[in-house]
Amino acid sequence: GVTLLGQVHKPGTYPWHEDLRLLEALMLAEGLAAETESQTARILRSGKTSSVIDLERLLRNGDLELNAVLEAGDIVIVGTPRVKVSVLGQVIKPGNYNIPSGGTVFDALTQAGGPTDKGDINHTEVVQGSKRQVLNLWKVLWEGDTSVNTTLSDGDVVFVPPQKRAY
């Protein structure tokens, strides 16, 4: 079979036949999901990415050169894999966000509109499962130190605390 994953209406494994092409496989999966953000399809063959297809060119412009022939066992991943994270505390738009797989604390904070003027980015908390760490994102912003810009996973929480007032 051929497996379709990601931003398609019906992810799953479908029967393969000789000359099965990408467009037909997408139809078997009932097309792209409405929320598809990245218009690409990665074809994994033998566990390695064999090609990345520009779906915009294939579907909208009718560039049939991109209508790849699929082989038995291929895995087609539509869109960019994403992880769901929560950004809370002193940020402009607290809430849950889908960031690209491999995205960082700074990526999540950017989607949340950044810190408020009361936010203390020097003590940003990241909770990853049972692990909690405090990061100084000032170093990322003003010193270019990306070592503190932790990669996030599904379910992680970023919390920007309020600044402590000295009275």
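In what order do the five strands of the open sheet stand?

## Sheet

The order is β2-β1-β5-β3-β4, with mixed pairing. Strands here are DSSP runs of E, at least two residues long, numbered from the N terminus. Two of them pair if DSSP finds at least two bridges between them. β2 (12-14) and β4 (48-54) each have a single partner strand, so one side of each lacks a neighbour in the sheet. On average, neighbouring strands are turned by 25 degrees against each other, direction ignored. The axes behind that angle are lines fitted to C-alpha atoms, and angles run from 0 to 180 degrees between N-to-C directions.

β3 (residues 40-45) runs antiparallel to β4, joined by six bridges. Leu44 faces Thr49 in β4.

## Model and conventions

This is a predicted model: local features need pLDDT of at least 70, side-chain atom pairs need 80 or more, and totals for chains, interfaces and linings use all residues. Numbering starts from 1 along each chain as its sequence is written, and side-chain values use heavy atoms, without hydrogens or water.

## Ala108

Ala108 sits in helix α3 (residues 105-111); helices are DSSP runs of H or I, at least four residues long. Its relative accessible area is 0%, so Ala108 is buried (under 20%; exposed is over 50%, partly exposed in between; 1.4 Å probe, protein chains only). Leaving out residues up to four places away in sequence, Ala108 touches Val85, Val87, Ile99 and Leu152 (heavy atoms within 4.5 Å). The C-alpha atoms of Ala108 and Gln163 are 20 Å apart.

## Trp138

Trp138 belongs to helix α4 (residues 138-143). At 40% relative accessibility, Trp138 is partly exposed.
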